[in-house]
Amino acid sequence: AVISFAIFVSVWQLVTLNPTIHQVMPGPFAVLQKFFLSFAEPIGKNTMLMHMLITLSRWAVGFLAATVLGIALGLAMGWYPKFEYFMRPLFELVRPIPTLAWIPLVILWCGIGEFAKYTLVFIGAFMSIVQNAYHGAKSVDRSIVHAARMLGCNDRQMFFTIVIPASVPAISAGLQIGVASAWSSVVAAELVRSSSGVGWIVVTGQQNNNMTQILVGILVIALIGLLLALLIRKVDDVLCRWNKRGR
C-alpha cells in the first residue's frame with residue numbers, strides 16, 4: 001500500500017512539473033499544504049474541521065433513519081408473506097431509481113434546506129439496506145424455524161430470537177453498501193445547494209476556478225469515506241464474529 005501511494009504521488013508530482021499542466025493541476029504537496037492549512041484558515045465561514053462535522057451530521061441523520069426504517073421494512077417483507085405481497089412490487093419499482101434522479105422532486109417537496117439533504121441521504125442508503133435485510137429474512141434456515149415451532153415458539157418469539165439474529169450478516173452487508181451510498185448522496189446534495197460542508201468546498205472551488213481547493217475537497221471526501229467504510233467493517237466484525245470462520 002505504501003509503495004502504491006508513493007508511486008501515485010511521484011507520478012502526480014512529475015506530471016505537474018510541466019508548466020502547461022501545472023496551470024490546471026496543482027502538485028500533491030501544494031494540495032497537502034492547503035489541506036493542513038484549511039484546519040486553521042477558514043474556507044468561507046468555517047474551517048475544514050467544521051465543514052467535515054457539518055457534512056457528517058447530515059450523513060448521520062439520514063443514514064440512521066434509513067438504517068432503522070430499512071431494517072424494519074426489509075425484515076417484515078422477508079418474513080411476513082402478506083406484507084411481502086403488498087410491499088415488494090412497489091419496492092422493486094422504486095429501487096432501480098438512482099438517488100440523483102430524486103433531487104428535483106426532493107427540492108420541490110422539501111425545499112433547499114437541511115431536511116432536503118437528510119432526505120437524499122435517506123434515499124441513498126434506504127434501498128440497499130431494505131434489500132439485504134429482506135434477503136436475510138428470506139434465507140433463514142427453515143430447519144431451525146421448524147424446530148422452534150415444535151418447541152412452542154410463537155410468531156413474536158420466532159421473529160426476535162431467530163429471524164433477526166439469523167439476518168444480521170445480510171443486514172451488515174447492506175449497511176456497508178448503505179454507508180457508501182449515503183456518503184455519496186450527502187456530497188451530491190451539498191454540490192446542488194449548500195453554504196457549508198465538504199461538497200460545498202468543491203463546488204465553490206469550481207466557481208472560483210480554484211483547482212487546489214477542489215482537490216482538497218475531493219481528498220477530504222475520499223478520506224472520510226474510507227474511515228466510514230473501515231468503521232462499518234469493524235461493526236460487522238463485532239456483530240458477526242460468530243459467523244467468521246478461521247478466527
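1. A helix here is a DSSP run of H or I with at least four residues, and a strand is a run of E with at least two, numbered from the N terminus.

2. Before going on, a word on the model. This is a predicted model, in which local features need pLDDT of at least 70 and side-chain atom pairs count only at pLDDT 80 or more, while totals for chains, interfaces and linings use all residues. Residues are numbered from 1 along each chain as its sequence is written, and side-chain values use heavy atoms, with hydrogens and water left out.

3. Helix α10 spans residues 198–207 and is mostly covered, with eight of its 10 residues buried. (Buried means under 20% relative accessible area, exposed over 50%, and partly exposed in between, using a 1.4 Å probe and protein chains only.) The buried residues are V198, G199, W200, I201, V202, V203, T204 and G205. They pack against α4, α9 and α11, where contact means heavy atoms within 4.5 Å.

4. Next, please find Q213 in helix α11, residues 211–239. Q213 counts as buried because its relative accessibility is 7%. Leaving aside neighbours within four places in sequence, Q213 is in contact with I43, I201, T204 and G205. A polar atom of the Q213 side chain lies 2.9 Å from the backbone oxygen of I201.

5. How do helices α4 and α9 cross? The axes of α4 (residues 48–79) and α9 (residues 155–192) come within 8 Å and cross at roughly 145°; axes are lines fitted to C-alpha atoms, for helices over the stretch in contact, and angles run from 0 to 180 degrees between N-to-C directions. The residues of this contact divide into 16 nonpolar, four polar and two charged. In that count, Ala, Val, Leu, Ile, Met, Phe, Trp, Tyr, Cys and Pro are nonpolar, Asp, Glu, Lys and Arg are charged, and the others, Gly among them, are polar.

6. R149 lies in helix α8, residues 142–150. At 42% relative accessibility, R149 counts as partly exposed. Not counting residues up to four places away in sequence, R149 touches W79, D155 and M158.

7. Finally, the cysteines. C110 is partly exposed, at 26% relative accessibility, and C153 is also partly exposed, with a relative accessible area of 22%. How many disulfides are there? The count comes to zero, taking a disulfide as a pair of cysteine sulfur atoms within 2.5 Å.

Conventions: Polar contact = N/O pair within 3.5 Å; in protein donor to acceptor, adjacent residues only side chain to side chain.
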